[in-house]
4 protein chains.
Amino acid sequence: MTDHRAARTDNRTHTIMQATLDLAREAGYAKLSIEAVASRAGVGKHTVYRRWPSRGLLFLDAVLSLNTAGLDHPDTGDIVADLREVMTRAAALLGQPPWGPLYQDLIGEAQHDPEVAAALNRRFIEPQTANTLARLEAAKDQGQLAPDFDLDLAFEILSGPLYYRLLITQQPLTHAYIDRVLQAVFAGMSPRPQTR
Amino acid sequence: MTDHRAARTDNRTHTIMQATLDLAREAGYAKLSIEAVASRAGVGKHTVYRRWPSRGLLFLDAVLSLNTAGLDHPDTGDIVADLREVMTRAAALLGQPPWGPLYQDLIGEAQHDPEVAAALNRRFIEPQTANTLARLEAAKDQGQLAPDFDLDLAFEILSGPLYYRLLITQQPLTHAYIDRVLQAVFAGMSPRPQTR
Amino acid sequence: MTDHRAARTDNRTHTIMQATLDLAREAGYAKLSIEAVASRAGVGKHTVYRRWPSRGLLFLDAVLSLNTAGLDHPDTGDIVADLREVMTRAAALLGQPPWGPLYQDLIGEAQHDPEVAAALNRRFIEPQTANTLARLEAAKDQGQLAPDFDLDLAFEILSGPLYYRLLITQQPLTHAYIDRVLQAVFAGMSPRPQTR
Amino acid sequence: MTDHRAARTDNRTHTIMQATLDLAREAGYAKLSIEAVASRAGVGKHTVYRRWPSRGLLFLDAVLSLNTAGLDHPDTGDIVADLREVMTRAAALLGQPPWGPLYQDLIGEAQHDPEVAAALNRRFIEPQTANTLARLEAAKDQGQLAPDFDLDLAFEILSGPLYYRLLITQQPLTHAYIDRVLQAVFAGMSPRPQTR
DNA sequence: CTCTAACCGAGACGGTACGTCAAGTCTTCTA
DNA sequence: TAGAAGACTTGACGTACCGTCTCGGTTAGAG
């Protein structure tokens with residue numbers, strides 16, 4: 001039956017992705033070779049190549065398979081609290097070991113493999129962006145955001161600093177840092193007119 | 001004399017960096033091998049290894065050698081205009097061919113080579129950050145910024161979205177985008193009290 | 001019915017052998033793979049393996065299937081003319097394209113596959129040897145050969161030089177060459193007493 | 001000094017050829033892979049490929065390197081005895097283990113690799129042929145051979161049957177067989193006129 | 001002006017991994 | 001139930017670079 005074959009196939013697929021993650025955690029993505037993955041998974045190289053055309057896409061699949069928890073937005077009615085919650089969860093997931101380095105390497109790979117970049121956007125970034133945008137629109141309707149704020153930018157302005165820390169300065173993504181970003185972004189840089 | 005030797009040495013160094021850039025532009029960093037660099041530069045592999053311990057650091061040196069123009073901040077008195085100016089220059093330099101892809105690859109390499117990451121920060125990011133911070137402090141003194149704004153974050157909040165576009169969504173960094181970022185960051189997301 | 005099944009089976013067998021010959025002629029035996037044969041024949045690999053245990057034996061079957069013309073000895077009463085006739089036919093069949101190279105490859109394969117060697121002898125060499133021996137014995141009875149000649153060797157002495165040319169020096173087997181061999185072998189190397 | 005480099009190079013060359021022979025004797029030429037040779041010799045694959053363009057030519061070099069003894073013709077004044085001597089030596093060298101199977105495989109390889117065939121002829125067959133021809137011409141001058149015998153064929157007529165046995169029927173090359181060949185070839189197949 | 005030490009190009013070397021091919025075995029579905 | 005289809009492990013192919021290493025040939029400064 002198709003089920004049996006599919007099950008067998010899925011088994012190999014899963015085994016290979018697991019071996020990929022294991023090796024990536026042990027030695028880093030730079031040392032990850034398809035040869036080693038196949039050997040660790042007890043599988044022929046061809047069986048890997050049959051499923052993934054490149055090391056990068058294999059790694060992408062493996063890393064994204066971890067995101068089972070999801071990063072869906074809560075809606076408690078308080079937009080700042082909700083953003084803080086999801087940013088904290090994202091930081092906890094992507095910004096620290098063991099997944100942080102893997103995610104860093106994944107983005108690194110995307111810099112010279114357009115297929116990885118495209119797949120990463122399509123499968124991870126865009127859904128997350130859409131999710132956030134929906135929550136922000138609800139908040140705007142409730143008057144919790146400036147009515148003229150450029151919402152399409154919001155995700156990038158909130159995420160940008162986190163990615164900057166993750167990828168450029170490679171400093172830790174602490175709760176305090178998230179709070180500071182939220183406060184600064186909500187307040188804006190302009191001097192306020194005297195509210196009194 | 002020492003001068004002659006140094007001159008000769010510098011010549012080789014420069015030749016190698018030039019070959020590195022040429023090859024990187026022709027085939028991309030992924031295809032850049034020390035073997036090819038040495039061959040292109042007409043130099044023994046040893047002569048490359050004597051100067052750089054890794055492909056990444058060679059590439060870093062080569063890419064940073066291009067930043068001769070500098071990204072110093074102007075001070076026209078208008079902080080928004082000045083920021084727009086420097087962001088535009090940065091986008092023009094780093095966000096489009098031929099240097100954009102190289103810079104992307106450089107950051108990609110930094111994701112799995114801590115030495116590259118450290119050197120990139122020390123030699124490029126930190127000076128630029130300090131530069132911007134100085135200009136922002138002057139602006140705050142002049143009342144052009146909210147007096148309580150978290151200035152240490154400012155660079156990250158302004159740069160973050162640009163890097164996000166460069167590295168994640170890999171969309172172009174247009175003037176319009178820079179304007180939108182500036183406007184959004186200055187305005188902040190909070191609803192304003194009626195300014196009447 | 002069994003007949004139908006047998007017919008179908010024979011069809012496959014023939015199809016596979018034909019595909020084998022086609023591929024061998026196109027690309028040479030060295031490039032002949034069971035994978036390619038099966039694919040060319042539109043047949044599963046199993047269907048090939050079910051019939052032949054090795055590439056060599058498949059190739060043997062395929063090549064020998066061409067020998068339909070046969071190399072039976074004529075008997076015109078003139079032993080030299082008859083030998084020349086059969087040697088010429090053999091040279092025409094095995095010593096030139098398209099079958100020459102295939103026959104060479106077949107003997108090449110026999111050098112490291114004892115099963116091929118044994119089957120080649122049993123199915124091709126031995127019958128031909130017996131055939132020649134019978135004709136030679138008739139000639140001896142008729143006084144056309146030296147009565148003490150070592151007839152068991154005759155086939156090897158006549159064929160040996162042809163095979164030597166085919167396999168070692170790889171020069172063409174011309175009519176002239178066959179004539180020279182016949183003349184030399186019949187005359188012998190010893191100096192003759194004056195026939196006066 | 002050049003000597004040192006050459007010595008080092010020769011060492012590797014020799015080591016590789018030795019490993020080739022060892023493996024060929026252990027498992028046969030069919031199982032001989034460059035990968036295995038390199039590994040056995042404790043050498044990188046490239047070091048093998050740098051010296052030999054193909055498995056066949058490596059094997060040829062390795063096998064021919066054994067022919068140190070040489071097969072030069074003696075000249076005792078008795079041409080039959082001398083031919084018997086050299087044929088016996090050749091049979092002892094090439095017709096029995098351990099070199100016999102290797103020589104068989106070498107000729108097998110020559111059947112589908114023209115470069116091997118050419119090199120085998122140039123480096124082994126032709127010198128041996130010339131050697132024999134010279135000895136035969138001396139014998140003819142001394143009246144030990146028929147003055148009109150086709151000497152250019154002689155080597156082929158004498159060697160042919162031996163090669164036929166080695167390659168086709170794969171029967172052993174005994175002293176008795178050599179004697180029978182010599183006797184038959186010297187006598188010729190024609191009936192002799194009554195010498196009385 | 002020679003001597004000498006550093007540097008240089010060239011490239012051999014043992015390795016590791018690449019991505020491909022075919023081997024022979026095995027399983028699944030179809031006719 | 002035999003057969004096509006093809007997945008599977010294995011192992012070898014020939015290539016590309018890795019980083020280390022020798023080699024002989026400059027070259028420039030010290031003696």
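Predicted model: local features only at pLDDT ≥ 70, side-chain atom pairs only at ≥ 80, totals over all residues.
Among the buried residues are Gly100(A), Leu102(A) and Tyr103(A). A run from Gln104(A) through Asp105(A), Leu106(A), Ile107(A), Gly108(A) and Glu109(A) to Ala110(A) is buried as well.

Now turn to the contact of chain B with chain A. Each side brings a set of residues: 51 from chain B and 51 from chain A. The size of an interface is often given as the accessible area lost when the parts come together. Chain B and chain A bury about 4400 Å² between them. Carbon and sulfur atoms account for 65% of that area. On chain B, three residues stand out: Gln111(B), Tyr164(B) and Met189(B). They supply 20% of the area that chain B buries against chain A, more than any other three residues.

The polar side of this interface can be counted too. Between chain B and chain A there are 22 residue pairs in polar contact, with both residues at pLDDT 80 or more. Which helices of chain B each supply at least two residues of the side that touches chain A? They are α6 (99-110), α7 (114-141), α8 (151-169) and α9 (175-187). Of the elements on this side, α8(B) gives the most, with 17 residues. By class, the side of chain B that touches chain A holds 29 nonpolar, 16 polar and six charged residues.

Side chains of opposite charge can pair when their charged atoms come close. The interface of chain B and chain A has four salt bridges. Asp150(A) and Arg180(B) meet in a salt bridge, at 2.7 Å from N to O.

Salt bridges also occur within the chains. Over all chains, the structure holds 40 of them. In chain A, the side chains of Arg135(A) and Asp82(A) pair at 2.8 Å, N to O. Arg135(A) sits in helix α7 (residues 114-141) and Asp82(A) in helix α5 (residues 79-94), so the pair ties together parts of chain A that are 53 residues apart in sequence. Both Arg135(A) and Asp82(A) are buried. A network of salt bridges links Asp75(A), Asp82(A) and Arg135(A).

Look next at chain C. Asp82(C) forms a salt bridge with Arg135(C), and their closest N and O atoms are 2.8 Å apart. Asp82(C) lies in helix α5 (residues 79-94) of chain C and Arg135(C) in helix α7 (residues 114-141), so this pair joins parts 53 residues apart in sequence. Why does Asp82(C) count as buried? Its relative accessibility is 1%, and the cut-off for buried is under 20%. Arg135(C) counts as buried because its relative accessibility is 5%.

Arg135(D) forms a salt bridge with Asp75(D), the closest N and O atoms being 3.1 Å apart. Arg135(D) is in helix α7 (residues 114-141) of chain D, while Asp75(D) is in the loop between α4 (55-64) and α5 (79-94). The pair thus links distant parts of the chain, 60 residues apart. At 5% relative accessibility, Arg135(D) counts as buried.

Methods. Residues numbered from 1 in each chain as written. Chains lettered and ligands numbered in written order. Heavy atoms only, no water. Buried < 20%, exposed > 50% of the residue type's maximum accessible area, 1.4 Å probe, protein only. Helix = DSSP H or I, 4+ residues; strand = E, 2+ residues; numbered from the N terminus. Contact = heavy atoms within 4.5 Å. Buried area = accessible area lost by both parts, 1.4 Å probe. Polar contact = N/O pair within 3.5 Å; in protein donor to acceptor, adjacent residues only side chain to side chain. Nonpolar A, V, L, I, M, F, W, Y, C, P; charged D, E, K, R; others polar.
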